Amino acid sequence: MSGNQIVFIVLAAIACIGAAGVVVFGDNPVRSALFLVLNFFVLGFLYFTLGAQLLGISQILVYAGAIMVLFLFVIMMLQQQSAFLRSTESDGRGPIAWLLGATMFMTVGAAVLAPLGGVTGSPILDTFGTPQSIGKVLFTGYAWPFLISSVLLLVGIVGSILLAKRKF
Amino acid sequence: MGTDIPLVWYLVTALFMFVMGGIGVVVRRNPVVVFMCIELMLNATNLTFLAFARYQIASAQTPEAALQAAMSGQMMVIFVMAVAAAEVAVGLGIIMAIFRLKNEAGLDDMSTMRG
Amino acid sequence: MNVQAIVEGWAAGGAGPLGIPGPLVLAVTKVMLVVGAVLTLVPGLIWWERRLLSWMQDRIGPNRTGTITFGTKIAFRFFEIPLPKFLHNRKIRTFGLLQPIADGVKLFFKEDITPATIDRKVYFIAPALALFPAFALGGTLPWGASHVPFSEIAGGLYHILTPIADVEIGILYVLAISSLGAYGVILAGWASNNKYSLMGGLRASAQVISYELGMGVSLACVALAVGSLKMTEMVRAQEQPLWGGLPAVQNWFLFTPFGFVAAVIFLICIIAETNRAPFDLPEAENELIAGYHTEYSSMKFAVFFMGEYAAMFVLSGVFATVFLGGPNLMPVNWAYLADAYPAARGAFEGMAWVNYWLGPLAFLAKCAAGITFFIWLRATLPRLRYDQLMTLGWKVLLPAAVANFIVVGLWIVATEVYGPLGGWAAMLGAFAVLGVLYMNFAAATKASVLATGRRGVTMVDPSPRRSVKMVDPNKA
């Protein structure tokens, strides 16, 4: 086993622990959010192992740094209300959901992933994940979707301000 | 710079994250936790996109095709991030508004519109 | 250069001391140089803050810890050692420099109180999370020049030693890691299970999210002008002729119009990011009783304290790198002067080499200047109210940064189309238009405020008067 593989296994194991923690500790939303932060942070490093620098750092910046802070903020605000705490209890669907999840994992694993078993790494492009190359493609071939996503973000800002106002 | 990590490793990690997110959506009744599980699923797909973008280069015939393959996956990740950010802002706003409006509990109680 | 030869050998893959692989030794050395500098300088920083603050407040401050006064002999129980003559009745002063060490020792031996109703695990993790980003931030800071004087190719001792990782995404790394700094504060506030601490945590999260935006956009202005996100590229861009036309002076971004605006915004944002006065709402001691670290004592409190100071230090370093020319001593292009004035060539060349070798010291001096500015602000400005903080972040800094970003874009486009002069005309014109727009906007706002009458809160007590009735005990 090479150094690359060991690094990957460690990172992936932490990511999986984080993902599992989100669900297992779901009755304590702050714990759950913390595990999600762990997962997102390590996911950024998994992107680095794929050579995608810009996306890896964006992952940490956007998800771990901004979105999850927002989640924690909301959880703490709502934690004052008893209804929020009551809603954290899970119901009797647990075992079935876990069973279905395991089935899905095995089915997709067997049907989709098994044929890809032999695929291994190839020489990476020098410009795979650099800001320059991504910027070039983003502002030429993908300029239209890029503009649309900026409009979407604007709508998101306006919408959230509207929702946050006390009186409609 | 090549890599000796099989593509399947990334995909299995992503699949595990996705399945966990799916289970969380079904099991948990707390809207914020369900929302977090959805984010988890989105990130799992992001990882898949990136892994395929990275490993498709081998099968590309020309340098242009390789660049295309490498870039399209990353573009998709960027757009997913943008959409997720907008979605979180609005979604959390809605959750806050609901909890402020009616002091009711979890997702199952939010069914006033049901006929 | 003997040291340089050794370090180059490590970088090339040779064996280091004790047979450890060279690259590993090199990596550890790079990290230790940054972390060690931050760790050793933080106590000095605390001393400097206390002394400067007391000087500004007309006090004396800690000035006598570590003062040793010698007699004529050291007396033990059964024998005494006479002291040499020159020490007799001498005083050795350290100006209180040992005070932070004494404080540290005190904090170590204080009782570590853990409240009963806390979320124990999160409570223990929070201080570590507060400290981690402060040290990790130094990862892309170049504290030495990447180029030897009179050479166009990157090289030299500092090029190998610094920064720890010269990645393409240097500036984004700073943003990403500094945004993680909020977690320590938020989680500490939540885990303490204390209303005031929770308020502190909530304030911190809102504050960090708000000021992250202005910080990001102001850095984006510089990145746009440089054309790269690399920290070393930013330093190199600042070694170009000033405003593209004055080759003797370096183009530090603080001296350019757009860079100045960006620098002011960035400076305000880093003060808010580090929760320093006047933005120290998360730990406002007179409303929140120290906010998020109310329930922390002993070493855990010290770790929060250290995290704050380390973050101050490193973010000042980022400011120095991006706006103040990085490790350059003065904004002077010595190499150009050496070529332009052959008569004094030797002197200018010497200065170039001094500038190169003293680069780390110049960088430290710039960090110290930034920190002094932080302390100065703390002594000068009162704490903002919460709504003022939000208004400043969202309605002033973010629009200003975005406007600045547009101006930089205009400048670059106009420079490419009409040449440098056109670019400058476009930039100044854009600033003029923005200024006029702002004045109109301000006038309109003022008019609307005047129209709605006094803008203030009238305090009305809605509860029935609960005055104490005086009852004469003699009559009852």
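This tour passes from chain B as a whole, through one of its residues, to the interface of chain A and chain C.

The model is predicted, so local features need pLDDT of at least 70 and side-chain atom pairs count only at pLDDT 80 or more, while totals for chains, interfaces and linings use all residues. Residues are numbered from 1 along each chain as its sequence is written, chains are lettered from A and ligands numbered from 1 in the order in which they are written, and side-chain values use heavy atoms, with hydrogens and water left out.

**Chain B**

Select chain B and display its secondary structure: three helices and zero strands, in the order α-α-α along the sequence. Helices (H or I, at least four residues) and strands (E, at least two) are DSSP runs, numbered from the N terminus. Next, colour the chain by accessibility. Of its 115 residues, 57% count as buried, a term for under 20% relative accessible area, with exposed over 50% and partly exposed in between (1.4 Å probe, protein chains only). Chain B exposes about 4500 Å², and carbon and sulfur atoms supply 68% of that area; the areas come from the Shrake-Rupley method with a 1.4 Å probe. Among contacts (heavy atoms within 4.5 Å) in chain B with a separation of 6 or more, 66% join residues 24 or more positions apart.

**B:Met17**

Centre the view on B:Met17, in helix α1 (residues 7–27) of chain B. B:Met17 counts as buried because its relative accessibility is 0%. Beyond its neighbours within four places in sequence, B:Met17 is in contact with B:Leu40, B:Asn43 and B:Ala44, and also with A:Ala19, A:Asn39 and A:Leu43. Select B:Leu47 as well: 30 residues separate it from B:Met17 in sequence, and the C-alpha to C-alpha distance is 9.7 Å.

**Chain A against chain C**

Now show chains A and C, where 27 residues of chain A are in contact with 24 residues of chain C. The buried area is about 2200 Å², 78% of it from carbon and sulfur atoms; buried area is the accessible area (1.4 Å probe) that two parts lose on being put together, summed over both. Highlight A:Ile57, A:Leu61 and A:Met76, which supply 25% of the area that chain A buries against chain C, more than any other three residues.

On the side of chain A that touches chain C, at least two residues come from each of α2 (29–49), α3 (53–78) and α6 (131–139). Finish on α3(A), which gives the most to that side, with 15 residues.
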